[in-house]
Amino acid sequence: MATIQSRLNSMLHNTAEYYRPLFRSGSVKPLWHIMVATSLIMYTQNYVFNKGTHIQAARQEKKVALEEYYEKHGKSGHH
């Protein structure tokens, strides 16, 4: 556990040392890095939670069940 904590502290220190001069000089590079990281995280979460295999299987099951229901009872408008 101590090695993980020391590695995280080292990464945080190195990241701060890399970005501090860029922020102070008004560089656009940190903005681009933040935007890319945010996009990567968002698209990964979207795939895992909304389009993952479990969700797709459940959606397919619901679709088949709804088609069977419409076959038996007919598809009508709103009640």
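Helices here are DSSP runs of H or I, at least four residues long, numbered from the N terminus. The model on screen is predicted. Keep both points in mind along the tour.

**Stop 1: helix 3**

Select residues 53–73. This is helix 3, and A58 has its place there. Colour A58 by accessibility: its relative accessible area is 33%, so A58 is partly exposed. Now pick R59, which also lies in helix 3. R59 counts as partly exposed too, because its relative accessibility is 44%.

**Stop 2**

Go to M1. This residue sits in the segment before helix 1, which spans 2–25. Is M1 buried or exposed? M1 is exposed, because its relative accessible area of 81% is above the 50% cut-off.

**Stop 3**

Side chains of opposite charge can pair when their charged atoms come close. R20 and E17 meet in a salt bridge, at 3.1 Å from N to O. How many salt bridges does a search of the whole structure find? The search returns 1.

Look at the spacing of the pair. R20 and E17 are 3 residues apart in helix 1, so about one helical turn separates them. Then check the accessibility of each partner. R20 is partly exposed, at 38% relative accessible area. E17 is partly exposed as well, at 42%.

**Stop 4: where helix 1 meets helix 2**

Select residues 29–50 for helix 2, and keep helix 1 in view. Two packed helices are described by the angle between their axes and the distance between the axes. The axes of helix 1 and helix 2 come within 8 Å and cross at roughly 125 degrees. The two helices are therefore oblique to each other.

Finish with the contact residues. On the helix 1 side, select Y18, Y19, L22 and F23. They meet K29, P30 and H33 in helix 2.

Conventions:
Residues are numbered from 1 along each chain as its sequence is written. This is a predicted model: local features need pLDDT of at least 70, side-chain atom pairs count only at pLDDT 80 or more; totals for chains, interfaces and linings use all residues. Side-chain values use heavy atoms; hydrogens and water are left out. Buried means under 20% relative accessible area, exposed over 50%, partly exposed in between (1.4 Å probe, protein chains only). Axes are lines fitted to C-alpha atoms, for helices over the stretch in contact, and angles run from 0 to 180 degrees between N-to-C directions. Angles under 35 degrees count as roughly parallel, over 145 as roughly antiparallel, 65 to 115 as roughly perpendicular and the rest as oblique. Contact means heavy atoms within 4.5 Å. A salt bridge is a side-chain nitrogen of Lys or Arg within 4 Å of a carboxyl oxygen of Asp or Glu.
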